[in-house]
Amino acid sequence: MHASLDDPHRPHLTPLRPRAHCGHREMRALRKSRQDARRRKSWCLFAVLVTAFSLTLVQGQSFISPLTVLRVLWGEPVAGASFIVGELRLPRALVAVLAGGCFGLGGAAFQSLLRNPLASPDIIGISAGASAAAVFAIVMLSLSGTAVSVIAVLAALGVAGLIYALSWRNGVAGARLILVGIGLGAMLQSITAYVLTQAPSWSLQEALRWMTGSLNSVTMSQVVPLGSVFGLLGGILLLLSRNLEVLRMGDDMASGLGVRLSMTRLGIIISAVGLVACATAIAGPVAFVAFLSGPVATRLFHHQGSVLVPAAMIGALLMLVADFIGQFLLPARYPVGVVTGVLGAPFLLYLVIRENQRGASS
C-alpha cells in the first residue's frame with residue numbers, strides 16, 4: 001500500500017526554495033554588515049577630521065578658547081582673536097582641507113582606474129609638469145600670484161594629455177601609462193632643475209617655496225575657487241564612481257556590463273587631473289598626499305565600497321596634521337610639503353618592494 005499524504009511514516013523531502021531564501025538572507029545580512037561597518041568608519045574618520053580642523057583654529061603659537069573661536073566664526077569682532085583666527089588660521093585650515101581633499105580624491109581615482117597604488121599624479125609626472133611650468137613662470141617670466149596658478153593648471157592638464165596620448169595603443173594600459181608618466185616626469189624635473197640654475201636670487205626663494213608645497217601665503221580669497229573646483233570635479237568623480245568600481249574588475253567585465261570604457265576613462269582622468277592641478281596651483285606640489293590617501297583608504301575600507309570619499313577625507317586630514325606638525329611640533333618651522341615628504345617616502349619604498357615581490361611571485 002502507498003503511504004497517505006498525512007502518514008507520519010512517509011519520508012519528507014526538504015524543499016529547495018527555503019535554502020535559496022536562506023542564502024539570500026545571508027547575502028543581505030553580509031551586505032548590510034559591510035554597509036554598517038563602512039558607515040561607522042566614515043563617521044569616525046569625519047569626526048577625527050573635524051577634531052583636527054578645530055584644533056588648528058584653537059591652538060597655535062597662542063591658545064584661543066573654543067568659545068572665542070566660535071564668536072569669531074559667528075562674525076563678532078574680538079580684539080586680537082579676529083585677526084589670528086579669521087585672517088591667519090581659518091584660511092590656512094580651509095585651504096588645507098580643500099587642497100588635501102583634492103589631492104586625495106584625484107590620487108585615489110587614478111589608482112583605482114589603473115589598478116595600481118603607484119599610479120598617483122605626483123608619481124607619474126603630472127605634478128612635475130605643474131611645478132616646471134610654475135617655476136618657469138616665476139623665474140623666466142617674473143610672474144606671481146594668479147598668473148602662476150593658471151599656468152600651473154594648464155601645464156598639468158597638458159602633461160596629462162601628453163601622457164595619455166603617448167601611452168595609447170589600442171587603449172590605455174595601466175603599466176604603460178605609469179612608465180610613460182615616470183619618464184616624462186623625470187624629463188620635467190630636469191627642466192625645473194635647469195631653470196633654477198638660471199634664477200636670480202630674488203626669485204629663487206619664491207620658486208623653491210612653491211616647489212616644496214606650502215600654506216604660508218594662502219588667503220580667504222583662494223577658498224571659494226578651490227571649493228568650487230572641488231565640488232564640481234569631485235561631484236563628477238562621484239557620479240562615475242560606480243563605473244570606476246566596475247572597471248577595477250577588468251575591461252572585459254566592464255564592457256560586458258555596458259560601461260563605455262574610453263569615455264569613462266577620459267572623464268575620470270580629466271576630473272582627477274583638474275583636482276590635483278588646482279590644488280597644486282594654490283598649495284604647490286605637496287608631496288605624497290595624493291599618493292598616500294588612496295592606499296590608506298583601501299586598507300581602512302577594504303571590500304566596503306568605493307574609496308573616493310574616504311580618500312578625500314584622509315587627504316584633508318594628512319594636510320591638516322602635517323601642516324600643524326611642521327608649524328608647531330618641530331624645532332623649526334617647515335612647509336607642509338617637507339613633512340608629507342618625510343611621511344610618504346618610506347611608504348613609497350614599501351609599495352615598490354611589495355609590487356616587485358608580487359611581480360616575482362606571479
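This is a stop-by-stop tour of one predicted protein model, with what to select at each stop.

**Before you start**

Residues are numbered from 1 along each chain as its sequence is written. In this predicted model local features need pLDDT of at least 70, side-chain atom pairs count only at pLDDT 80 or more, and totals for chains, interfaces and linings use all residues, while side-chain values use heavy atoms, with hydrogens and water left out.

**Stop 1: the whole chain**

Show the chain as a cartoon. The protein chain has 14 helices and 0 strands. Helices (H or I, at least four residues) and strands (E, at least two) are DSSP runs, numbered from the N terminus. Read along the sequence, the pattern is α-α-α-α-α-α-α-α-α-α-α-α-α-α.

Now colour by burial. Buried means under 20% relative accessible area, exposed means over 50%, and partly exposed lies in between (1.4 Å probe, protein chains only). Of the 362 residues, 46% count as buried.

Contacts come next; a contact means heavy atoms within 4.5 Å. Take those with a separation of 6 or more: residues 24 or more positions apart account for 76% of them.

**Stop 2**

Two packed helices are described by the angle between their axes and the distance between the axes. Axes are lines fitted to C-alpha atoms, for helices over the stretch in contact, and angles run from 0 to 180 degrees between N-to-C directions. Angles under 35 degrees count as roughly parallel, over 145 as roughly antiparallel, 65 to 115 as roughly perpendicular and the rest as oblique.

Select residues 66-73 (helix 2) and 81-114 (helix 3). Their axes are 9 Å apart, at an angle of about 75°. Helix 2 is therefore roughly perpendicular to helix 3. Show side chains for T68, V69, V72 and L73 of helix 2, then A81, S82, V85, G86 and L90 of helix 3; these make the contact. They divide into 6 nonpolar, 3 polar and no charged residues. Here Ala, Val, Leu, Ile, Met, Phe, Trp, Tyr, Cys and Pro count as nonpolar, Asp, Glu, Lys and Arg as charged, and the others, Gly among them, as polar.

**Stop 3: helix 4 and helix 7**

Select 126-139 (helix 4) and 201-212 (helix 7). The two axes come within 9 Å and cross at roughly 160°. That makes helix 4 roughly antiparallel to helix 7. The crossing is right-handed. A crossing is left-handed if the near helix is turned anticlockwise from the far one by less than a right angle, and right-handed if clockwise.

On helix 4, pick A130, S131, A134, V135, I138 and V139; they meet S203, E206, A207, W210 and M211 of helix 7. By class, this contact has 8 nonpolar, 2 polar and 1 charged residues.

**Stop 4: S142 and helix 5**

Move to the loop between helix 4 and helix 5 and select S142. Its phi is near 55°, a positive value in a residue other than glycine. S142 is partly exposed, with a relative accessible area of 47%.

Then select helix 5, residues 146-166. At 1.5 Å a residue, its 21 residues should span 30 Å, and its end C-alpha atoms are 30 Å apart, which agrees. The expected span is 1.5 Å times one less than the number of residues. Its buried residues include V148, A152, I163 and Y164.

**Stop 5: helix 8 and helix 11**

Select 223-239 (helix 8) and 261-283 (helix 11). The axes come within 9 Å and cross at roughly 160°. Helix 8 is therefore roughly antiparallel to helix 11. This crossing is left-handed. L226, V229, F230, L233, G234, I236 and L237 in helix 8 meet I268, S271, A272, G274, L275, C278, A279 and I282 in helix 11. The contact residues divide into 12 nonpolar, 3 polar and no charged.

Stay on helix 11. Of its 23 residues, 18 are buried. From first C-alpha to last, helix 11 reaches 33 Å, close to the 33 Å expected.

**Stop 6: past the end of helix 11**

G284 follows helix 11, with a positive phi near 85°. Next select F288, in the loop between helix 11 and helix 12 (289-300). F288 has a positive phi of about 70° although it is not a glycine. F288 is buried, with a relative accessible area of 13%.

**Stop 7: M249**

Finish in the loop between helix 9 (241-247) and helix 10 (251-256), where M249 is found. M249 is exposed, at a relative accessible area of 53%.
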